[in-house]
Amino acid sequence: MPNENNDTNSKRLYSFIKTKQTDNIGVAPLKSNGAVYIDSKEKARILNLQFANVFSVDRGDIPSIKTQYAEKSINNIDINNEGVVKLLNQLNPYKASGPDNISARFLKATSTVISPALALIFNASLAQQKIPDEWCKAYVTPIYKSGKKDRSKAENYRPISLTSIPCKILEHIIHSNIMNHLQSNDILSDAQHGFRKSRSCETQLITLINDLAKSLNDASQSDAALLDFSKAFDKVNHRKLCLKLEHYGVRGNLQIWFRNYLSNRSQKVMVEGKTSDYIPVTSGVPQGTVLGPLLFLLYINDLPSSVQCKIGLFADDSIVYNKITSLVDCKDLQSDLDALTLWSKEWERTWNSTQKNARF
């Protein structure tokens, strides 16, 4: 049986080593429009513009959703004090605060005292379909992408968002209720293994390897295309996401709450204690939130319905493959790739240009 103390010590040692690596030196002087900026506030501004540059613009069209319309719906959620206390007591006291500066340590230490007030606020938010302004804001910390060579380019940094911890408590409750609705009505695609309980990239790989092994045992050929979305979370169209929420049964007060939750969002970047101005977040599932991954799953949930061959989803990565016994099988795979391209255009998604093909 493994020694838990040794495992903990190993993790602490690894974390200490990471802090000493050269990748953790913060943000280097940044180049922009031919100039070099060393001022922290200017670096924050440049990075915020870079992060906002990936947001998409709504074209106004309304594509069709290929999966079945959910007859049953979830319209309201009742929140009780006991559930709030339980979530507060599970908080990591060292978790960083969001823009409202309400710390996890404070919330956990005062859980029994503050939980009735929070439950009241949460229920009022859902009933009135309104979100406190601070809950729609995010502090963004830029992290250098390991492997990139030029630290002076803003595009070589990725954003890590900090959002309100009380809002995350409410999101946990909403997430749990919506997931129960999706599972009880068998709404989520079986091809999706990302961000799901009892599933993972490993379980998807097991399914894939099993299919390929069967093909090899039959002395057959299998062709596959590996695809991944470009800026998968950032380019989700808010209006189209709300259409899919309604399609999958998130309706009534909860539907309106989500519309407000997604609108009027903003972010600012923090660099070395200095911050940029806030910039509107016009697209994407909110990063640094509990609901973000679930919303992304719902946005791409009808993707597998576009294909006839086998498909596996690893959250925002996917693989389409087919057993090849004739020219017809090759044409079927190409037809599916064409269908996925059409789907991506309709739902304002783009595939990375590094698409890979494989033959087994």
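A pocket, as I use the word here, is an open set of grid points with protein on both sides within 12 Å along at least five of seven lines. I am working on a predicted model.

**Entry 1: the pocket**

I looked up the largest pocket first. Its volume is about 700 Å³. I then asked which residues lie nearest its centre. They are P159, K231, F233, D234 and Q287, out of a lining of 36 residues.

Next I sorted the lining by class. I noted 16 nonpolar, 13 polar and 7 charged residues.

Which element gives the largest share of the lining? I found that β4 does, with 4 residues. The strand β4 covers residues 157-162. I also listed the elements that supply at least two residues each: besides β4, these are α2 (40-52), β3 (137-144), β6 (266-271) and α10 (292-299).

**Entry 2: the cores**

I turned to the nonpolar cores. The largest one has 67 residues, and I174 and F258 have the most contacts inside it. Helix α6, residues 165-184, gives the largest share of this core, with 9 residues.

I then went back to I174 to list what it touches. Leaving out residues up to four places away in sequence, I wrote down I77, L126, L254, W257, F258 and L291.

I picked D302, a charged residue, and located it in the loop between α10 and β9 (310-314). Is D302 buried or exposed? D302 has a relative accessible area of 0%, and buried means under 20%, so D302 is buried.

I checked the side chain of D302 for a partner. It makes a polar contact with the side chain of K244, at 2.6 Å. Apart from neighbours within four places in sequence, D302 is in contact with S64, I65, K66, T67, K244, Y248, W343 and W347.

**Entry 3: T67**

T67 was on the list for D302, and I looked it up next. T67 lies in the loop between α2 and α3 (81-89). Its relative accessible area is 17%, which is under the 20% limit, so T67 counts as buried.

Which side chain does the side chain of T67 meet in a polar contact? The partner is the side chain of Y248, at 2.8 Å. Y248 is also among the contacts of D302. With residues up to four places away left out, T67 touches H247, Y248, N301, D302 and S305.

I took one distance along with this. T67 and V307 are 240 residues apart along the chain, and their C-alpha atoms are separated by 12 Å.

Most residues other than glycine have a negative phi. I looked for exceptions and noted two.

N101 has a phi near 60°. I placed N101 in the loop between α3 and α4 (104-109). N101 is exposed, because its relative accessible area is 59% and the limit for exposed is over 50%.

S198 has a phi near 65°. The residue lies in the loop between α6 and α7 (201-217). With a relative accessible area of 70%, S198 is exposed as well.

How values were computed:
Residues numbered from 1 in each chain as written. Predicted model: local features only at pLDDT ≥ 70, side-chain atom pairs only at ≥ 80, totals over all residues. Heavy atoms only, no water. 1 Å grid on protein atoms, 1.4 Å probe; cavity = no way out; pocket = protein on both sides within 12 Å on 5 of 7 lines; lining within 4 Å. Points joined across faces, edges and corners; volume = space filled by probe spheres on them. Core = buried A, V, L, I, M, F, W, Y, C linked by side-chain atoms within 4.5 Å. Buried < 20%, exposed > 50% of the residue type's maximum accessible area, 1.4 Å probe, protein only. Contact = heavy atoms within 4.5 Å. Polar contact = N/O pair within 3.5 Å; in protein donor to acceptor, adjacent residues only side chain to side chain.
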